[in-house]
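Please work through each task before reading its solution.

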Number of protein chains: 2
Amino acid sequence: MGSRPLIAGDDMVRLLGPWRRRGPGYAALAATLRSLVLDGRLPLRVRLPSERALAIALGVSRTTTTAAYDLLRDEGYVESRRGSGSHIALPTGGAVDREVAGGEGVSAGPGSIDLTIAAMPAPGAMMEAVSRASRDLTGFLGGSGYDPSGVPSLRRVVANHFDERGLPTSEEQIVITSGAQHALTLLLHVLVGPGDPVLIEEPSYPNAFEALRRARIRFVPASMRDDGWDVEMMASLWRTAVPRLAYLICDFQNPTGFLMTDGERAAVVAAAARAGSHVIVDETFAQIDLEPWRATPRPLAAHDREGRVISIGSMSKAYWGGLRVGWIRCTTALAHRLARARAGLDLSTPVLEQLVAEHLLRMGESVLAERRGLLTSRRDALVGALHRDLPAWRFRLPRGGLCLWAELGGADAEALVYAADAGGVRLIPGSTFSVDGTLNRRVRLPYTQPAHALEEAVERLAAADRRLRLGAGGPTDQSMV
Amino acid sequence: MGSRPLIAGDDMVRLLGPWRRRGPGYAALAATLRSLVLDGRLPLRVRLPSERALAIALGVSRTTTTAAYDLLRDEGYVESRRGSGSHIALPTGGAVDREVAGGEGVSAGPGSIDLTIAAMPAPGAMMEAVSRASRDLTGFLGGSGYDPSGVPSLRRVVANHFDERGLPTSEEQIVITSGAQHALTLLLHVLVGPGDPVLIEEPSYPNAFEALRRARIRFVPASMRDDGWDVEMMASLWRTAVPRLAYLICDFQNPTGFLMTDGERAAVVAAAARAGSHVIVDETFAQIDLEPWRATPRPLAAHDREGRVISIGSMSKAYWGGLRVGWIRCTTALAHRLARARAGLDLSTPVLEQLVAEHLLRMGESVLAERRGLLTSRRDALVGALHRDLPAWRFRLPRGGLCLWAELGGADAEALVYAADAGGVRLIPGSTFSVDGTLNRRVRLPYTQPAHALEEAVERLAAADRRLRLGAGGPTDQSMV
């Protein structure tokens, strides 16, 4: 406990910056400190200056610093212990973090590191967006609150974001949903029936498989190559299996992290058009580009002139999963059908959430820059730890997204997941990302947690990997030898 | 315009009450005025005292009243016109109010009165609940924000509400959903498959029919009698058609407004148990009891000892539709299955909305008392206008809920809806509330709008009714003669 890094009063003054702009007193100080915790500039477990030392460094009364620490302690951002001072913590509201369909709900024990979820805490700007949204909400309280297409001002902001990416879009082409998963569910209600063949990438997002299974479609899996998409094979599947629909993730694909080139995008859209097929492109990760200075391919829908490509996106990955706001971009005619179809599903998305999303998107670039800095350092920490402790594991460095897709040097992923669980790390085996349980030499490793947690997790994985090889009496696969 | 009622400065002082408790200055004054508009104590179109007169009456500076009016003007609660002063308005955020599945989206013209929706503006306490929820939200920002079962503190509050209604309930039996419609969708995913027979009341809620149609079930309709449920016929349907599931609304049934007695509840649960059937009971309207001093039947689930009755409820009708928060009460085992099943649907309900719902429920009785007063006066205004202008229409006075279910004295409902639309009133024909388009001598009339709008609507309906009879060359039905 005593070895926790201590942040000096002067460093704190620099980090806090012009905090008084948020208003006078302890609440403004607490709000600024909270932002610093949430955006990762104040790392978990770092020790804070004493209330007295911070008061002196900031030139404020000790009452102010004491009240600010008290507030943060109540909220769970600061923990204090007699004799060892105050340190940074992260409240989770008691929420259970679980992402994968059919997850068995084995709860991570205390001290267990949960790598089953690829999700970030809320950005530092969250409370500011909530405060602006609360002000705007007053203008909606006189209405019924139902609007199956979404709040017009949010639809405009989302349409503008497509415009900026080179895809001219009107507000009437946007339907606001309760996240990308909900967008997919809604689209499947309208676009497919039982038995329809649907083309998917393999590996791909397990919760999308779950929604597709529920729609009772027939899977047409297109295996990914080790270095990206096999576009020729996809075109051939469109000719032979004639899927009515495809579900693709072209931007930092989940779990592989691949980014489809413009040429590949054009070829995919052409193949879909020849087969008369729609394509749902899930752009949930598109905003999480860790190298935005490089040329970015155009959105898949920019290659489409027939309204066949339907883009879905959400706030969950780039902003916060607790928001549950997403969108669909499609033709105006389909947008009207979707708004009508919502009546049978859940009527509409909450107004306040939509307004929070609107304000976050308006602050977009600064929030995304914060995310980028945080994720890049975490990705690099994970990569460094893997090179050091598990040199036999192979992966490609993704340019964006939240995960590495690691090949285990021949080990069996389910056996590793089991051994890791006993050793204090929770993981998803690669088989979860295939429709038939193959891909069992891979695991997905999200780099959304703080660097020290990722490094500790890799140490534990390396120990589990060793135990597995010894316990099994040697390598589990011939290719290892 | 000049004939608008003017509220005197002194009356305003009385209405405003101890507004300074909300804090100092114009914002507190504006917040209190906003609450008075939202809870109906300041009726629409009423003229406000001038800024100067209000300042004198309240003993505050004119700057304060001017700034408060300016803020409310920006938000849409006050409209001002040179020469005729300021009057109360109600902002709707540009939202389109539409409730019924497959509604054709013919937009109500300006000046048209929309009786297709049965929904209220937000309660006066809304912004206070948002403010408390925003404070609590800080405790969740460090987590991923995903929790498929819902925020624990809201689950506890919902469980306590069941306890108070005489139905002992643990937090583990509650799953938070994005409204009652979403709760139904989620339950159908888990409980039924294509072709399964499902018992429903006829008439009943059209959006529930839509969700059931999507689940590809087979309808087993149980017709309501003119004075309530035909429990013997329902029991016989359970014996002969052996439905696996029933969807019932026992509390202020939509659209009839009937309240099922305790004896009928016991008989219904016994019949379902003999058939091995589950019952989903939609309690969306249970909180809208306009005569709460009368004895209240026990919840349907209180008659059940086998975990067959699943209760669903929501904030939408008693609080606000723009919230999109509901719940399911069921066995702990089913609650776990439902939480897992959400992964394929929409993952979870937004955290902030759940916290707003929690605080509104904590303030429950005062919010409901406000609703009750407002709805009772509106219901009575509608009833009075119907007796005066359309004496041939028949209906029973409902003890709760939001609607009258009116029999048109023999007229054809679809023809009336068409004629009324041309005359400036939008309505839903009774056929919408049946699975096969029968019940075409009825319309549903919600009493959620202000009294003057309801009275104007009835005048227009009476004119449409007259035109219809003349245009058709006489009565449209022999029973009229």
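**Exercise 1.** Determine how many residue pairs are in polar contact across the interface of chain A and chain B, and describe the side of chain A that touches chain B.

*Solution.* Step 1: in this predicted model, the rule finds 19 residue pairs in polar contact across the interface of chain A and chain B, both residues being at pLDDT 80 or more; a polar contact is a pair of N or O atoms within 3.5 Å, where within protein one must be able to donate a hydrogen and the other to accept it, and residues adjacent in sequence count only if both atoms are side-chain atoms. Step 2: the search for salt bridges between chain A and chain B gives 0, the criterion being a side-chain nitrogen of Lys or Arg within 4 Å of a carboxyl oxygen of Asp or Glu. Step 3: of the side of chain A that touches chain B, 33 residues are nonpolar, 24 polar and 14 charged, where Ala, Val, Leu, Ile, Met, Phe, Trp, Tyr, Cys and Pro count as nonpolar, Asp, Glu, Lys and Arg as charged, and the others, Gly among them, as polar. Step 4: the contact (heavy atoms within 4.5 Å) takes 71 residues from chain A and 70 residues from chain B.

The model is predicted, so local features need pLDDT of at least 70 and side-chain atom pairs count only at pLDDT 80 or more, whereas totals for chains, interfaces and linings use all residues. Residues are numbered from 1 along each chain as its sequence is written, chains are lettered from A and ligands numbered from 1 in the order in which they are written, and side-chain values use heavy atoms, with hydrogens and water left out.

**Exercise 2.** Find how much area domain 2 of chain A and domain 3 of chain A bury between them, and which residues of domain 2 lose the most.

**Exercise 3.** State where E283(B) and R165(B) lie in chain B, and whether each is buried or partly exposed.

*Solution.* Step 1: E283(B) and R165(B) form a salt bridge, with the closest N and O atoms 2.9 Å apart. Step 2: E283(B) lies in the loop between β8 (278–282) and β9 (309–314) of chain B, and R165(B) in the loop between α6 (152–164) and β4 (174–177), so that the pair links distant parts of the chain, 118 residues apart; helices (H or I, at least four residues) and strands (E, at least two) are DSSP runs, numbered from the N terminus. Step 3: E283(B) is buried, with a relative accessible area of 4%, while R165(B), at 32%, is partly exposed; buried means under 20% relative accessible area, exposed over 50%, and partly exposed in between (1.4 Å probe, protein chains only).

Technical notes. Buried area = accessible area lost by both parts, 1.4 Å probe.
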